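Work through the following exercises with the sequence and the 3D structure at hand, and try each task before reading its solution.

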Amino acid sequence: MASCSSISSVDLQAQVLSCVDRGISSTSNRGHSCQLFLGKMYRFGPGNPSSGVSFLSSFQGASLGNARHRHRKHQCKSKVLKLSSQKASLKDNKSEPEFEQQRTESALDINSSIDRRQLLISSFTAAGLPLISNQSMASPIQPPDLTQCQKADVPGGSSPKCCLPSDPVKATDFQIDASLPMRVRMASHLLDAAYITKYNRAYELMRALPDDDPRSFSQQASVHCAFCQSAYLQKNSNEKLQIHFSWLFYPWHRWYLYFHERILAKMLNDDTFALPFWNWDNQAIFSPLPNVIPAVFIEKPALVDNTRAPSHQPPTLVDLTYSGKPGGLDPEQQRAENNNLMHQELVSGAKTPSLFFGQAYRAGDANAPGPGSVERAPHTAVHLWTGGDMGNFGTAGRDPIFYSHHANVDRLWNVWKSLGGRRKDITDPDWLNAEFVFYDENATLIKVKVGDAVSTEKLRYTYQNVPNPWITHISSPLSISIAGTKPVSSNGVASPAAAEATSLLEEIEEFGEEVEGKFKQLAGSAFQSKVKRPVKDLFRTLKKQITDEELEEVLVIQGVEVPSDKISKFDVFINLPDANDKTSINIPEFAGTFVNVPHLGMAPGMNRKATLRIGIGDKLEQLGIKDVSSIVVTLVPKGQGKDVPIVIKGIKIEYE
C-alpha cells in the first residue's frame, strides 16, 4: 500500500480517509490529532492538493493498533465526512470570497468535541505559521523499578551511591489525609526562637536515624541524587529517568518536599510542623534581610553545611543571575537585577504553562527536553551561588538549606498561578497521570500522581503571605534617544531603537532553524543572529478568533548542548547586538537566561541537551518593535562558564 506521502489524487477527502485508515498514531506522531487533519483539509481543500499531500506526509508510517486508537480513527473519519459535506454545501451556494470567509466558522460548528482553538491553530500552521500544539496521545512517566539502580555515584565516589532501599515491595497508592491540620510554611528569616529550636531538633532526629532507614538524612539526600543523576531507568524502557529539564521538575520536587516535611513532623510527633522557605526573591532592605543565607542555617548545628561558599555568607546578597563568578555589583544594582530576572522569568516571559513548567516529557522519551523559566534561573543560580554541596545536583540534598530553597521554588508555583491569564496548571493527561514513588514518614513506599499535587491546600499546607514586589518591577529606561544621536542604553552599551532595525538587520546574518549538521559553538564571545517573525496579519487574525486567551510569541533556541559536569550560562538579549558579559540585565532588551548546574558522577564527556523557550511578546511591545518583520537575538556567555563550549543548533520564533 502506498504511503500517505505518495498520494497524488486531488480528492483530499479520499486522501485523508485513506491515511486515517492507516493510522493517526499516538506514539509515532506525537502532538498531532484529528483536528490537524480537519484544519489542513479545510484550509487547502481539493483545490490545493499539493499542500494536502505535504501535510499528509507528516503522518507516514502511523499505526492504530489498540481499541483506543480505533475509536479515535472512527471519530476522525466521521468528522472528515461531515466537514467535506459542509464544504460542498458552502461552495455551491457562496462566491469564492464568501466561501473562504465562512468555511472556518462552519468547521468550528461541525462537532462540539473539536477544540476551537486547536482547529484554528491547525489551519494557520497549514499557512506556514509555526504554531505549537499541546495535543498529545503519548504515555505518562511511571515509577521506576527501585531494585534496578544504575548506581550513579556522587562526586568522589563517596557513599551512598544514590540508590534507594530496593526491597521489591509494592507501593501503596497515596491517600490525602484530610484530618491533618493546615500547616503554614513560614519565611526562614522570620522564624521565632521556639520554631527555630523545633526546626533544628527535627533535623537532629532525622540525622540520628540509621543510614539504611529511608527516612534518614543520608537517604533523603540520595533521593534527589538518584533522580537527578539518572540512577534509574524508566519503567519498561532502556531510557534513563530524569526529573530536571522538563515539566516534571515542579511536581516531583513538590512531592519530595511533602514527604520530607512529613518525616520531620514524625520525628517531632507534631503534625503542625512545616518546612520554612528561603525568601531569596524578596529584595526588601529591612532587617533581617530575606535575600541572604538565613541565620538559622548558620547558627543551628543540624542545619549547617560547611561546604557552602565562604564568600557568600551574610550580609552578601544572593545573586539570582549567578554564573560562577562574582558580578561585582553594589547592593542596589544587585537588587535591581534580581527583580528584573524575577519579573522576566515569572511574569513577562512565562505567560503559558509550558513556558513556566518546561516541556513535555513522556514515557520512552530519550532526553528531558527543556526546562521552564524558573528552573533555569533563579532556581539554578541559587544552587550555584550557595556553593558546596548545593552547587551540584548529586549532592544538593545534603545541605538542609536545599529543602528551604525548594520550598520557595514551590511557593512561586502558587504565586505564578495567582497572576492570572493563561497561567494555569497543565491539563495534559500525561502530566496529570505521571507517577513517582517516595518513602513516607512510616517508611512505607507510596505511589503518587502529579494530579494530586496541583493544590497545596489539598496536601494540607500553605505559605505565609509575603510581598512580591518583582511582579510590578520595571527595568531601567530603555534606549536614551536624543535627536541626531545614536541611541544608548543606560549602561552605555549601544542599543538600536526601532527606527534602526532595518539597517541593523542588513548587517547581521540569519542563523536559522535547526538542520542536520549545522551548529554554532559559543565559547568566550557573544553570538548574534537575525530571526524572522511569522506574518503579522495572520497572527492578528488568529488572535481575534480567540476570546479567552491570547497566543504568546516564543523565541526558541534549539539544540542547546552543554557539558554535564560544568557550570555554564548565557544570557539572551533582543536588538542589542553589542551586548557583552558586562551588560546589565536590568534593561528591557534582556529576554532571559540559561544556566546549567553540574551533574557530576555522570558519564565522562556527557552533554546535557535541551531546547530553550522564552516568551517575548511583552518584550517586543516594551521595546517598540512589535510590528517589525525580524529581530536580532544576541547570546552572551557569562561567568565561570564563559569559555565552556556551549552548542546551539538553531534559532526561530513560534506561537503558543
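**Exercise 1.** Describe the extent of helix α9 and state how much of α9 is covered.

*Solution.* Begin with the length: α9 has 20 residues and reaches 29 Å from its first C-alpha to its last, which is close to the 28 Å expected at 1.5 Å a residue. Just after α9, Asn-269 takes a positive phi of about 55 degrees.

The model is predicted, with local features needing pLDDT of at least 70 and side-chain atom pairs counting only at pLDDT 80 or more, while totals for chains, interfaces and linings use all residues. Residues are numbered from 1 along each chain as its sequence is written, and side-chain values use heavy atoms, with hydrogens and water left out.

**Exercise 2.** Determine how helix α7 packs against α9.

*Solution.* First take the geometry: α7 (residues 193-208) and α9 (residues 249-268) pack at an angle of about 95 degrees, with their axes 9 Å apart. That makes α7 roughly perpendicular to α9, a term for angles of 65 to 115 degrees. Next come the residues in contact (heavy atoms within 4.5 Å): among them, Tyr-203 and Leu-205 in α7, and Ile-263 and Leu-264 in α9.

**Exercise 3.** Work out the order of the strands in the sheet.

*Solution.* The 3 strands form an open sheet in the order β1-β4-β3, with mixed pairing. β1 (172-173) and β3 (435-439) are the edge strands, each pairing on one side only. β1 and β4 (residues 445-449) run parallel and are joined by 2 bridges.

Technical notes. Axes are lines fitted to C-alpha atoms, for helices over the stretch in contact, and angles run from 0 to 180 degrees between N-to-C directions. Helices (H or I, at least four residues) and strands (E, at least two) are DSSP runs, numbered from the N terminus. Angles under 35 degrees count as roughly parallel, over 145 as roughly antiparallel, 65 to 115 as roughly perpendicular and the rest as oblique. The expected span of a helix is 1.5 Å times one less than its number of residues. Buried means under 20% relative accessible area, exposed over 50%, partly exposed in between (1.4 Å probe, protein chains only). Two strands pair if DSSP finds at least two bridges between them.
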